[in-house]
Amino acid sequence: MDRVPILKIGQTLFVSIQIDLQDDTVMRLQEDLADELAATGVHGVIIDITAVEIVDSFIGRMLSMIGSISRLFDAETVIVGMRPAVAITLTELGLPLSGVRTALNAEKGLEILNGKS
Amino acid sequence: MDEVPIQSGDDVVRVRQQVRIAAARSGLSLVDQTKLVTAASELARNTLVHGGGGVARIEAVKSASGRAGVKLQFSDEGPGIADTDLALTDGWTTGTGLGLGLSGSRRLVDEFELNSKPGAGTSVLVVKWSR
């Protein structure tokens with residue numbers, strides 16, 4: 001199974017998803033992120049989905065859960081780089097992506113997180 | 001017509017990739033490709049998780065008026081669904097999900113047909129046409 005790397009830069013964890021997501025991979029990412037949040041005590045997570053071609057209800061729910069889990073560690077999650085076609089499809093699917101903020105790109109996501117701390 | 005077996009999470013990813021190729025070949029727009037691939041992902045996961053595995057059939061089709069499209073059929077020999085109308089309601093779920101898989105994927109395609117009986121497996125047929 002593929003693993004998505006998590007990078008700590010300053011007070012933020014960066015995750016850039018570059019592979020075709022399998023359910024197990026997303027669940028593993030959720031666990032790895034919780035471990036990293038507990039170990040590092042950072043206050044922000046940025047998940048870059050620029051390369052992600054689809055977000056279905058399972059992947060969407062996992063992203064929401066990552067947001068909820070982060071909050072329990074006093075961290076905020078920002079999803080960045082969503083493709084327009086993905087945004088349209090998610091909305092039609094009826095998936096609210098609650099629990100996470102979104103931003104156009106990593107730079108704007110970082111601004112949101114820095115505004116918080 | 002391509003047949004992709006669905007027996008693992010890797011197979012679900014393979015179905016998505018094959019559907020993407022077929023959708024692009026039939027001239028679907030990027031948004032329509034994304035919608036069809038997302039629907040395929042939902043339905044392939046259902047086949048795996050609820051149907052205990054099965055098969056996806058991917059076929060390029062043409063409408064009577066000459067429009068190109070992609071037809072997908074997902075079949076399994078799992079426990080089946082007792083109340084298919086209920087199963088197509090937003091929020092109806094057998095497990096821990098959001099209950100958007102079937103109802104949501106129906107919204108993402110142009111044609112949708114669900115056939116299922118308890119004990120007789122489930123078959124879902126969807127079509128997306130190019131515009």
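How many residues of chain B are in contact with chain A, and how many of chain A are involved?

Modeller: First, some ground rules. This is a predicted model: local features need pLDDT of at least 70, side-chain atom pairs count only at pLDDT 80 or more, and totals for chains, interfaces and linings use all residues. Residues are numbered from 1 along each chain as its sequence is written, while chains are lettered from A and ligands numbered from 1 in the order in which they are written.

Now the answer. On chain B, 23 residues are in contact with 18 residues of chain A. Two residues are in contact if their C-beta atoms, placed from the backbone, lie within 7 Å. Three elements of chain B give two or more residues to the side that touches chain A: α1 (9-25), α2 (30-49) and α4 (101-108). Here helices (H or I, at least four residues) and strands (E, at least two) are DSSP runs, numbered from the N terminus. α2(B) gives the most, with nine residues. By type, this side of chain B divides into eight nonpolar, eight polar and seven charged residues. Nonpolar means Ala, Val, Leu, Ile, Met, Phe, Trp, Tyr, Cys and Pro; charged means Asp, Glu, Lys and Arg; the others, Gly among them, count as polar.

Next, chain B as a whole. Chain B has four helices and five strands. Along the sequence they follow the pattern β-α-α-β-β-α-α-β-β. The radius of gyration of chain B is 14 Å, close to the 14 Å that the globule rule gives for 131 residues, so chain B is as compact as a globular protein of that length. That radius is taken over C-alpha atoms, and the globule rule is 2.2 Å times the number of residues to the power 0.38. Along the principal axes, the C-alpha atoms of chain B fill a box of roughly 35 × 25 × 25 Å. Of the 131 residues in chain B, 40% are buried. A residue is buried if 20 or more other C-beta atoms, placed from the backbone, lie within 10 Å of its own, exposed if 12 or fewer, and partly exposed in between. Take contacts in chain B between residues at least 6 apart in sequence: 63% join residues at least 24 apart.

Among the buried residues of α2(A) are A:Phe58, A:Ile59, A:Leu63 and A:Ile66. The buried residues of α2(A) pack against α1, β3 (44-48), β4 (76-80) and α3 (84-93) of chain A, together with α2 and α4 of chain B. That brings us back to the other chain.

A:Asp74 has a positive phi of about 60° although it is not a glycine. Most residues other than glycine have a negative phi. A:Asp74 counts as exposed because 10 C-beta neighbours lie inside 10 Å.

What does α2(A) lie across? α2(A) lies across β3 and β4 of chain A, running at about 150° to β4(A). Axes are lines fitted to C-alpha atoms, for helices over the stretch in contact, and angles run from 0 to 180 degrees between N-to-C directions. The sheet of chain A is open, with five strands in the order β1-β2-β3-β4-β5 and mixed pairing. Two strands pair if DSSP finds at least two bridges between them. The edge strands are β1 and β5 of chain A, and each pairs on one side only. From one strand to the next, the twist averages 25°. α1(A) packs on the sheet too: α1(A) touches β1, β2 and β3 of chain A, and its direction makes about 25° with that of β1(A).

Finish with the two ends of the sheet. At one, β1(A) and β2(A) pair in the antiparallel sense over four bridges. A:Leu7 has A:Phe14 as its bridge partner in β2(A). Two residues lie between these strands in the hairpin, where A:Gly10 takes a positive phi near 60°. At the other, β4(A) and β5(A) pair in the parallel sense over three bridges. There A:Val80 stands opposite A:Ala103 in β5(A).
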